[in-house]
Amino acid sequence: MAAQVVAPMPGKIIEVNVKVGDQVKEDDPVVIMEAMKIEMPIVAVQGGKVAEVRCEPGQSVESDAVLVIIE
Amino acid sequence: MDQLFDVYRNVMHQTGFWNLGWREPVMWVIALTFVYLGVRKNVEPLLLVPIGFGALLVNLPMSGLMEAHHGLFWYFYHYGLQTEIVPSLIFLGLGALTDFGPLIANPKMLLLGAAAQFGVYVALFGALSVGFTPQEACSIGIIGGADGPTTIYTTVKLAPHLLGATALAAYSYMAMVPIIQPPLIRMMTTKDERSRTMKQLRPVSKLERILFPIMVALVVGLLVPAAAPLIGMLTIGNLFRESGVVPRLTDVAQNALMNIVTIFLGLGVGATMDAHQFLRPKVIGVYVIGLFAFTFSTVGGLAFAKFLNLFLKDKINPIIGAAGVSAVPMAARVAHREGQKANPKNYLLMHAMGPNVAGVIGTIVAAGFFIAMVGR
């Protein structure tokens with residue numbers, strides 16, 4: 001089943017650690033995001049294969065924006 | 001020959017070397033330690049560098065920098081700090097920089113901001129019990145609010161001779177939030193509690209954001225009139241920001257004005273650290289009780305968050321209670337990091353900002369209360 005990794009708050013994408021086709025485990029940091037001058041890893045909500053990456057470094061995102069889809 | 005000798009002696013007597021005692025070099029070491037912490041360790045450099053250097057200069061014998069009605073630093077101190085102008089302008093900038101959205105979205109957080117003032121009162125009674133005057137005790141207690149400008153404002157009004165010590169203690173402990181708070185958080189909470197995720201905050205409308213500073217100014221101003229200058233400046237700065245119609249004023253309040261007054265604040269505080277005032281046992285007491293204040297504020301916030309959970313359907317993560325000490329946004333960052341350490345999917349930053357900004361209001365209210373109670 002596909003699962004979405006979403007931005008937990010508004011912020012800026014610093015780093016995208018995965019690309020389409022990568023295998024990830026649950027809790028692997030897939031994106032590094034910055035909000036209020038703190039860098040935080042945004043982790044995979046489940047293990048699986050990365051189906052889609054919807055963000056890139058430098059991009060500003062709103063709360064709940066879909067960053068990565070894992071299936 | 002005698003005349004020549006007299007001239008020589010007079011010149012020598014006018015130099016700082018002739019008038020140097022043991023206290024001044026001790027103060028140079030203390031002052032340069034703060035400069036070092038700011039420059040090399042990046043500890044609150046915006047404040048510790050001017051405070052430290054101001055303290056160094058004021059301890060040059062015969063410089064007269066703090067001589068009343070003559071000295072340059074006396075003017076900074078008198079017109080900037082004693083008149084309340086500088087701390088109030090700092091609050092204007094803070095208001096323009098602060099997003100109260102997380103608090104508006106979850107107003108219960110105001111209670112956590114109030115609970116985290118616990119240490120302020122513990123320290124107040126602690127200081128009274130060891131012989132500080134009520135005015136001194138209130139100035140020391142307010143360190144527990146972890147809010148530099150409020151500490152300065154309160155001390156100038158109540159115990160100006162302790163200004164250097166309380167200001168430095170407040171800024172030192174604020175810089176040490178990432179060291180002081182995590183062990184307390186782990187001591188007061190279980191891993192399960194720290195792992196608890198919270199529902200995302202609801203979006204806050206522009207109308208709510210505009211009404212918030214107006215309501216806070218009215219309620220706090222009526223409840224604690226002595227806090228009106230600080231809360232008034234905080235809320236007008238916030239109204240600039242949230243109204244969106246005065247971007248130039250918002251920008252000046254956040255940047256240029258804030259930077260200018262920070263210089264005068266730092267030098268004005270440093271200037272009060274005269275060796276004869278500072279090198280007294282009381283100053284050590286300020287640091288020790290100040291640390292207690294800070295510790296008990298953190299514990300108070302955590303304990304109250306746990307207590308609140310007894311009545312809540314949607315339980316909160318008690319870590320965010322620790323962010324109720326002001327120290328914006330360091331305390332919120334610490335809460336977030338501790339939450340994510342316990343559970344990588346736990347993103348508490350915005351939730352912790354609620355009590356964090358509530359703590360600023362809570363400290364202002366406590367300061368206003370103290371000034372009304374024991375102000376001269």
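This is a predicted model: local features need pLDDT of at least 70, side-chain atom pairs count only at pLDDT 80 or more; totals for chains, interfaces and linings use all residues.
**Helix pair in chain B.** I started with helix H8 (residues 118–129) and helix H9 (residues 134–141) of chain B, which pack at about 145° with their axes 8 Å apart. Axes here are lines fitted to C-alpha atoms, for helices over the stretch in contact, and angles run from 0 to 180 degrees between N-to-C directions. Helices are DSSP runs of H or I with at least four residues, strands are E runs of at least two, and both are numbered from the N terminus.

H8(B) brings B:Val120, B:Ala123, B:Leu124, B:Ala127 and B:Leu128, and H9(B) brings B:Pro134, B:Ala137, B:Cys138, B:Ile140 and B:Gly141. By class that makes nine nonpolar, one polar and no charged. My classes: Ala, Val, Leu, Ile, Met, Phe, Trp, Tyr, Cys and Pro are nonpolar, Asp, Glu, Lys and Arg charged, and the others, Gly among them, polar.

**Ground rules.** Residues are numbered from 1 along each chain as its sequence is written, chains are lettered from A and ligands numbered from 1 in the order written, and side-chain values use heavy atoms, with hydrogens and water left out.

**Second largest pocket.** I looked up its volume, about 430 Å³. The pocket has 19 lining residues, with B:Leu110, B:Val216, B:Val219, B:Val220 and B:Ile361 nearest its centre. On a 1 Å grid over the protein atoms alone, a pocket is an open set with protein on both sides within 12 Å along at least five of seven lines, a cavity is a set of points where a 1.4 Å probe fits but cannot get out, and lining residues have an atom within 4 Å of a point. Points are joined across faces, edges and corners, and a volume is the space filled by probe spheres set on them. H14(B) gives the largest share of this lining, seven residues. The lining splits into 17 nonpolar, two polar and no charged.

**Cavity.** H11(B) supplies the largest share of its lining, three residues. That lining has seven nonpolar, four polar and no charged residues.

**Chain A.** I counted zero helices and eight strands.

Note on methods: Contact means heavy atoms within 4.5 Å.
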